[in-house]
Amino acid sequence: MSKQGKQGYTYVSYGKEKYLHHAVASALTIRRFDKERPIAIACPKAHLEVLEQEELRDIFQVKYELAPEHCSIVGFKHHLEKFLFFEQNIFLDSDIIWCRQPDTLWQTFEGFPVTITGNETADSFFGAPKGVAVLWDVLLRKRRRTLRRFGLSYLSRVQSGVIYAQDDALTAEVCATAREMLNRIDETHFQSRLKESGRTMESCEWSLAMAMSKLNIPVYPWFQGKSSVQLDYIGNYTQHDEAFEAVKCLYYPDSLVYSLRGLKSATLQRFLTRLLTFFGKGDYMYVTPYCLHFGWLHEKQPFLDFAEQKWKELVIESNEEIE
């Protein structure tokens with residue numbers, strides 16, 4: 001594939017048109033800080049036609065028609081070698097709002113041939129049954145048995161909302177290994193995401209994590225305080241204006257305390273945080289990450305509202321220019 005520039009961002013959209021709206025809205029937030037680097041989108045013909053019809057073709061400098069077999073999470077993220085449009089690529093989930101100028105991030109990423117944001121060690125819930133069912137896995141040491149069966153000594157936690165790649169051959173090897181891992185799911189303790197309520201697509205993350213471990217490729221540290229690439233949007237942890245132009249996230253350096261952010265019950269969240277604070281784990285700071293990621297289903301509505309508002313504004317603006 002001929003490269004379309006040195007550095008660039010890539011989004012993917014498929015399925016309902018609303019997912020295209022999300023990618024457009026996210027791309028617009030990049031342009032708040034980065035006016036130069038090109039942005040690509042890989043999407044089916046129907047989404048490309050929408051961009052043309054609404055006169056929004058200029059938002060993405062590279063537009064690629066996505067084949068049906070790649071219109072899924074694993075269909076795309078397990079085949080990234082097919083979408084390396086630039087010499088250096090940042091692949092982004094579309095439910096992301098950019099909050100900072102990214103030049104320093106690009107400089108940091110340059111030291112990695114390929115990497116994915118994540119934690120050095122995965123917890124017991126990663127790719128496993130959710131809730132109390134995970135205790136069975138822990139008691140039977142299923143995670144350890146999986147690693148031993150595949151000749152691995154560790155398993156990282158991958159958060160694939162941000163992926164960086166500049167080595168074409170190594171990216172292809174990572175993806176091929178991830179595909180192999182997914183095909184061998186029955187030999188692991190991992191659970192198909194399709195078994196979870198409300199999920200219609202298989203996850204790519206545990207298989208990518210297995211591939212990264214197999215090839216001894218480090219993840220890019222997910223939580224780095226003020227240098228964090230992406231932090232989760234949690235309503236009572238995030239200060240922002242209506243347009244998300246000024247964002248600050250409550251951040252606890254202690255990983256146990258910060259892990260409480262995912263609890264749906266704010267009351268339980270506050271109680272446990274205060275309890276751990278009593279034991280000296282309550283240090284906190286407010287930080288602005290490069291990206292604010294709306295990955296939690298129960299916290300996604302603010303992004304959905306933001307994306308639809310941006311889409312409406314764009315369409316109205318486009319129609320006025322035509323007239």
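Reader: Why is K310 called partly exposed?

Author: Keep in mind that this is a predicted model. K310 has a relative accessible area of 22%. Buried means under 20% and exposed means over 50%, so K310, at 22%, lands in between and counts as partly exposed.

Reader: What makes K310 and E313 a salt bridge?

Author: Their closest N and O atoms are 3.8 Å apart. The cut-off is 4 Å between a side-chain nitrogen of Lys or Arg and a carboxyl oxygen of Asp or Glu, so this pair passes. E313 is partly exposed too, because its relative accessibility is 37%.

Reader: Where do E313 and K310 sit relative to each other?

Author: Both belong to helix α11 (residues 301-322), and being 3 residues apart puts about one helical turn between them. An α-helix has 3.6 residues a turn, so residues three or four places apart point the same way.

Reader: Which residue forms a salt bridge with D93?

Author: That's K77, with the closest N and O atoms 2.6 Å apart. The pair links distant parts of the chain, 16 residues apart: D93 is in the loop between β4 (88-92) and β5, while K77 is in helix α3. D93 and K77 are both buried.

Reader: Why is Q269 called buried?

Author: Its relative accessible area is 3%. Q269 lies in helix α10 (residues 266-278), and the residues it touches include I234, Y237 and L260.

Reader: What makes the approach between Q269 and R261 a polar contact?

Author: A polar atom of the Q269 side chain lies 3.0 Å from the backbone oxygen of R261. The cut-off for N or O atoms is 3.5 Å, so the distance is within it.

Reader: How many residues of helix α8 are buried?

Author: In α8 (residues 205-214), 9 of the 10 residues are buried, and the helix is mostly covered. Among them are W206, L208 and M210. The cover includes α3 (73-77), β6 (114-119) and α7 (168-183).

Key:
Residues numbered from 1 in each chain as written. Predicted model: local features only at pLDDT ≥ 70, side-chain atom pairs only at ≥ 80, totals over all residues. Heavy atoms only, no water. Helix = DSSP H or I, 4+ residues; strand = E, 2+ residues; numbered from the N terminus. Buried < 20%, exposed > 50% of the residue type's maximum accessible area, 1.4 Å probe, protein only. Polar contact = N/O pair within 3.5 Å; in protein donor to acceptor, adjacent residues only side chain to side chain. Contact = heavy atoms within 4.5 Å.
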